[in-house]
Amino acid sequence: MALICFDHFKIQYAAKIVLAIDSLTLSPEKIYAVIGPSGCGKTTMLYALSGLLPNAAKASGTLRNEVIDATHIVLQDFGLLPWKTVLENVMLPMVLKNSISEQDEQAARSLLKWFKLDDYEKTYPMTLSGGQKQRVALARAWLTSPKLLLMDEPFSALDAITRETLQDEVKNLYLQSPKSVVIVTHSIEEAAFLGESIIILSADGTLSEVVENPSFALPNARSTADFYTMCYELRKRMKAVHL
Ligand SMILES: Nc1ncnc2c1ncn2[C@@H]1O[C@H](COP(=O)(O)OP(=O)(O)OP(=O)(O)O)[C@@H](O)[C@H]1O
C-alpha cells in the first residue's frame, strides 16, 4: 500500500518552481532520508507533506498523503514553549486537545526516561542544552503516535557525539515501534545511518533518484563496510546533482 504519492506535483513561489516531483511513492513504516543541495526544496517538500505550506507557495499536480490527519512535524527550532515545563511540553498536543489521561502521562514519563530526561520533567526549556531540547521535541513527537513523522534537520545544531547518540536513540525507538518517517538532512552520514531509503533531490527541485540502503538494519551499522560504501555512493551522487 502507498502511504504517499506525488504525481506531477509542483510548488512555486511567484514564477519560480522550487519543487517538481513527477512521480514518487512512499511506503508505510519506512524511514526515508531526503538529501540534496541547499535550496533544492527539501524543507518545502516536508511542508507540503505536512499540509503546512506557506501562503505564498502555489501547489499544482497531486500530492496524496493518506495519513495527513495523523502527521506530526518536528521543526528545526524544536517548537518548545518556554513557559511550560519539560513534561508539559511533551504533553502539549494532549493539553491543546484538553484530553490528558493518566495513561498519556505515564507514556510521557517513560519516553522522557528513554531520552534520559527523567530528572528534568519539572525543568523549563530555557535551562536545557540543545540536545536536551531536541530530545523533548522528539519525545513529544513519539507520544502523539503519528502515522507519519516529519523531521527537518533534527540534529543539525548538535555536536558530533550528541548527534550520533540521538540518531542511535531515534533508530532504536523506530526499530522497537516502526513508524513512517521522513527526515530532511544535510548530512550524508546521517542519511546513510537513518535512511532505509534515501531520496535525492537535484538542485532544480526535481527528483534525481531513490536509493535503497542495505546497511540500514545491520547491527552496529556505522562500522560496517556497507555503511561506508553507502556514504561513498551518496557522496558521488550528491556531487552529480550539484552540477
Ligand atoms: N516563503 C518563501 N518565499 C519565497 N521563496 C521561498 C520561500 N520559502 C522558500 N523559498 C525558496 O524555495 C527554494 C527551496 O527552499 P527550501 O527551504 O525548501 O530548500 P532546502 O533544500 O530545504 O534548503 P536548505 O538545504 O538550504 O535548508 C529556495 O530557493 C528558497 O529561496
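**Note on the predicted model**

1. Strand β1 residue C5. Leaving out residues up to four places away in sequence, C5 touches L24, T25, T62, L63 and R64. C5 belongs to strand β1, which covers residues 4–13. The model discussed here is predicted. C5 counts as buried because its relative accessibility is 17%, and the cut-off for buried is under 20%. G79 lies 74 residues from C5 along the chain. Their C-alpha atoms are separated by 28 Å.

2. Strand β2 residue L26. This residue is found in β2, residues 16–26. L26 is buried, and its relative accessible area is 1%. With neighbours within four places in sequence set aside, L26 is in contact with A2, L3, I4, Y32, V182 and I199. G131 is 105 residues from L26 in sequence. In space, the C-alpha to C-alpha distance between L26 and G131 is 29 Å.

3. Helix α1. Which residues of α1 are buried? They are K42, T44, M45, L46, A48, L49 and S50. That is 7 of the 9 residues of the helix, which spans residues 42–50, so α1 is largely enclosed by the rest of the structure. A lysine, K42, is on the buried list. Just after α1 comes G51, with a positive phi of about 80°.

4. Positive phi at F78. F78 is not a glycine, yet its phi is positive, at about 75°. The residue sits in the loop between β5 (71–74) and α2 (86–90). Is F78 buried or exposed? F78 counts as buried, at 14% relative accessibility.

5. Positive phi at N220. N220 is not a glycine either, and its phi is about 50°. Its place is the loop between β9 (207–212) and α8 (225–242). N220 is exposed, with a relative accessible area of 64%.

6. Overall fold. How many helices and strands does the chain have? The secondary structure comes to 8 helices and 9 strands. The radius of gyration is 18 Å, close to the 18 Å from the globule rule for 243 residues, so the chain is as compact as a globular protein of that length. Along the principal axes, the C-alpha atoms fill a box of roughly 50 × 45 × 35 Å.

7. Burial and contacts. Of the 243 residues in the chain, 50% are buried. Take the contacts between residues at least 6 apart in sequence: 68% of them join residues at least 24 apart.

8. Surface and charge. The chain has an accessible surface of about 11800 Å². Carbon and sulfur atoms account for 53% of that surface. How far apart are the mean positions of the positive and negative charges? The separation is 3 Å, for 24 positive and 27 negative charges.

9. Annotation. The UniProt entry, which is unreviewed, places the feature "domain: ABC transporter" at residues 3–228. In the model, this span is 33% helix and 27% strand. Its end C-alpha atoms lie 30 Å apart.

How values were computed
Residues are numbered from 1 along each chain as its sequence is written. This is a predicted model: local features need pLDDT of at least 70, side-chain atom pairs count only at pLDDT 80 or more; totals for chains, interfaces and linings use all residues. Side-chain values use heavy atoms; hydrogens and water are left out. Helices (H or I, at least four residues) and strands (E, at least two) are DSSP runs, numbered from the N terminus. The radius of gyration is taken over C-alpha atoms; the globule rule is 2.2 Å times the number of residues to the power 0.38. Buried means under 20% relative accessible area, exposed over 50%, partly exposed in between (1.4 Å probe, protein chains only). Contact means heavy atoms within 4.5 Å. Accessible areas come from the Shrake-Rupley method with a 1.4 Å probe; for residues, only the protein chains shown count as cover. Lys and Arg count as positive and Asp and Glu as negative; His and the chain ends are not counted. The place of a charge is taken as NZ of Lys, CZ of Arg, CG of Asp or CD of Glu. UniProt positions are given in the numbering used here, feature names are shortened, and annotations may be inferred rather than shown by experiment.
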